[in-house]
Amino acid sequence: MSVALGLLSPMGFSQSVSPGAVDIGQGSARGGPATAQASAPSKPQHQATDLGAVVVTANKRSERLQDVPSAVSVIDNTRLERQNATSFADYASQVPGLNMISSGTGWTQLVIRGITSGSHQANATVGTYIDDTPFGSSTIYSAGSMLTPDIDPSDLQRVEVLNGPQGTLYGSNTLGGLVKFVTTPPDTTRASARVSVDSASVKGGGTGAGERAMANIPLIANQLAIRVNVYHRRDPGYITNITTGKKDINQADVSGARAQLLWTPSDKISLRFSALAQNLSSDGLANNGIDVDPSNLKPTYGLWNQARAAGTGMFKVKYRLSDLSGSFDLGWAKLISTTSFSTLRFNENVDLTDSYGPVLNPALGIENGGYSELQHIALNKTTQEFRLESPTDQTLEWRAGVFWTREHTVDDEDILGFNALTGAAVPTPTLGNVVVGPALFTEWAGYGDVTWHASDRFSVLVGARYSSDHTTYAESTVGLLTGTLNITGHSNDQPVTYLFNPSFKFSEDLMAYVRVASGFRPGGPNVGVPAGLGAPLTFDPDRLVNYEIGLKSILLDHKMSLDIDAFYIDWSKVQLTTTADGFSFLGNGGKAFSKGGEINWHYRPVRGLTLNANATYTDAALAQDTGSGTIYGHKGDPLPYVPKWNANVGADYDFPLGMGGWSGFVGGNFSYVGAREADFNSIAGPRVHLPSYNDIDLHIGANYENWTFEFYAKNLADRHGITSTWQETLSAMVTPYNAIYQTPRTVGFSASVDF
């Protein structure tokens, strides 16, 4: 703080955005849905002599990033496209406080500020939004903690990451924070299009390719426009299944499309309809990873080799989202409505031979018997939000809203028996069939906040949210492993979250703030467990409170920005997955804490050159024992997969090439992820320790008129960091374990043309 204050040049205070502000927000400065004219791919801003001002919608208003009294990070579309960022793994390290527990393409748990209970927690602690629409499930019945969106970077304006609980504005499942994908709206003023292709190759693996196309067409000048974006890519594989001899089993095909229609009949009304489709398909991703010895993490069959039963590994996800957003300026206030309907269809067939083979093969007299879990999840989700907000130029600025959601889920799981070498079915009794559903989750919520601008410098924001959650579900099981069971369950919760957020501006470009905020995850009925195992009928919501102080500054005549914060999080009734006699259920496991600090720095020392760096320290641990006989964790044990230190250093440079119409660019990032402990054990014993790893990404390219050409490399040093691991047998800490590694060195080329 002292350094920032010393470097700051004296400036007058103003609440308005500076004339040079770059509004990359979804809506206009008045906060409605998209009226920004930004459908063409944004050109790099690196030729500017200062950083410019970035406008974001983190607090559901368009406001300058510097004026948001909380820790918010932004990655814009130019940065995403230059890094060929197609997954969270490509840019998570560039966001202070953001980590991930990756199990492969499309299967990633996001962690902010260390708020996680492990790689297989049932429910997300980080919320995900696409514009103003929530993505995924709020319950434990639809893999809500692991399935994350795969938004093509060419359809994005930016990614916003909000650190700390966002329970007041965004509700449940935002204990750690929120990731918000802000898409590019249609442009009603001019037609444009873009086509791009790329190709990539993984060391020791296959070759992939991708194609993208975008078209923007004004239908009525300055009033009505449509924007369509389509893409397909093949992510190359690099893992060999030694049982079947098949190579590159983790190859994946990813495709999607998004169409948006924007209508602005007047400057007081704006309506936007959008439809999104995403498909992910692979024959081997359900078995992603390689076999390792948990005592030393050495590969059992050699690096990039696994042993999985034939016929397993299928992994398919289909996600559909339609939403309608409207903004109506009433003069004295603005009314905003967001309606959405989404569907998820998830199918996987994961190998369980190492778990059940040693028990079932002798019992059933089967030679080379293989076993797998075939799982189908079907989710339908509807949401509706109305929000009324005052103008921003008054002493008491207020906002009030109501939110409703309904989720209908069916989860059907079958344990299959077959020949592990050929995949052919073998005669067995019914081993296990579990049908969870229909599970019905509904939530009503009301929220509001008031900001008192006591002076041009001092403001206080207070807010609260009341939610009423209701869950009902039915479950039936039959089979040798599961027994016969028919049950129903229900639960009700009425959580309340709050926010207290004073801030003080020393000048237009230097602000200090204090933030006290709470968050929660819904409770619910437990998935059916036989009597006598001590499983509660329901599990409670878990809650946390975040205490934070921060400083946000713009220095050196707007050439440098420096954000610093420190936080302490008190987490209670932590939801933990408990295992007893081979059955898993949820319980509430006591208390945990997370404390640390984050720093985020950007600097443009000369025209064309931008430097950035960030670092995060996180100390996240149990505040009390979890209790023996279930999950073995003791007071002071670190939370799973949370490194003490994360850091990233990056640079981008744009320069003329001295030839008519040509210019060049070059850039890269170095990231570091510290050592971590893996999941808590279900029996007493040491946890798996994961060493630190680093990553180097580089890109270089050239622009000529409306063409762009680029070469890039990811994981240039070909490091082998482990991102997650878990047991494959029924006995914890017994070989083999499954480990997910960084993708090996990937090199690629892309070309695009704008019209």
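Which residue stands opposite Ala-378 in strand 21? The residue is Arg-345. The model is predicted: local features need pLDDT of at least 70, side-chain atom pairs count only at pLDDT 80 or more, and totals for chains, interfaces and linings use all residues. Residues are numbered from 1 along each chain as its sequence is written, and side-chain values use heavy atoms, with hydrogens and water left out.

Strands are DSSP runs of E, at least two residues long, numbered from the N terminus. Two strands pair if DSSP finds at least two bridges between them. On strand 22 (residues 396-419), strand 21 has an antiparallel partner over 21 bridges. There, Gly-369 has Asn-419 as its bridge partner. A hairpin of six residues joins strand 21 to strand 22. Strand 21 (residues 369-389) has 15 of its 21 residues buried, so it is largely enclosed by the rest of the structure. Buried means under 20% relative accessible area, exposed over 50%, and partly exposed in between (1.4 Å probe, protein chains only).

A five-stranded open sheet has the order 4-9-10-7-8, with mixed pairing. Its edge strands are strand 4 (72-76) and strand 8 (133-134), and each pairs on one side only. Strand 9 (residues 156-163) and strand 10 (residues 177-183) are antiparallel, with seven bridges. Glu-160 has Lys-180 in strand 10 as its bridge partner.

Aromatic pairs come to 17. Rings of Phe, Tyr and Trp (its six-membered ring) pair if their centres lie within 6.5 Å; planes under 30 degrees apart count as stacked, over 60 as edge-to-face and the rest as tilted. Trp-304 and Tyr-741 are edge-to-face, at 5.5 Å centre to centre and 75° between the planes. This pair links distant parts of the chain, 437 residues apart. Both Trp-304 and Tyr-741 are buried. Trp-662 and Tyr-704 have ring centres 4.8 Å apart and planes at 25°, so this pair is stacked. Trp-662 lies in strand 37 (residues 662-673) and Tyr-704 in strand 40 (residues 693-704), so the pair ties together parts 42 residues apart in sequence. Trp-662 is partly exposed, with a relative accessible area of 30%. Tyr-704 is also partly exposed, at 27%. Ring pairs link Phe-88, Tyr-91 and Phe-181 into a cluster.

Charges also sit over rings (NZ of Lys or CZ of Arg within 6 Å of the ring centre and within 35 degrees of the ring normal). The charged end of Lys-60 lies over the ring of Tyr-170, 4.7 Å from its centre. Arg-82 sits over the face of Phe-665, 4.0 Å from the ring centre.

Conventions. Helix = DSSP H or I, 4+ residues; strand = E, 2+ residues; numbered from the N terminus.
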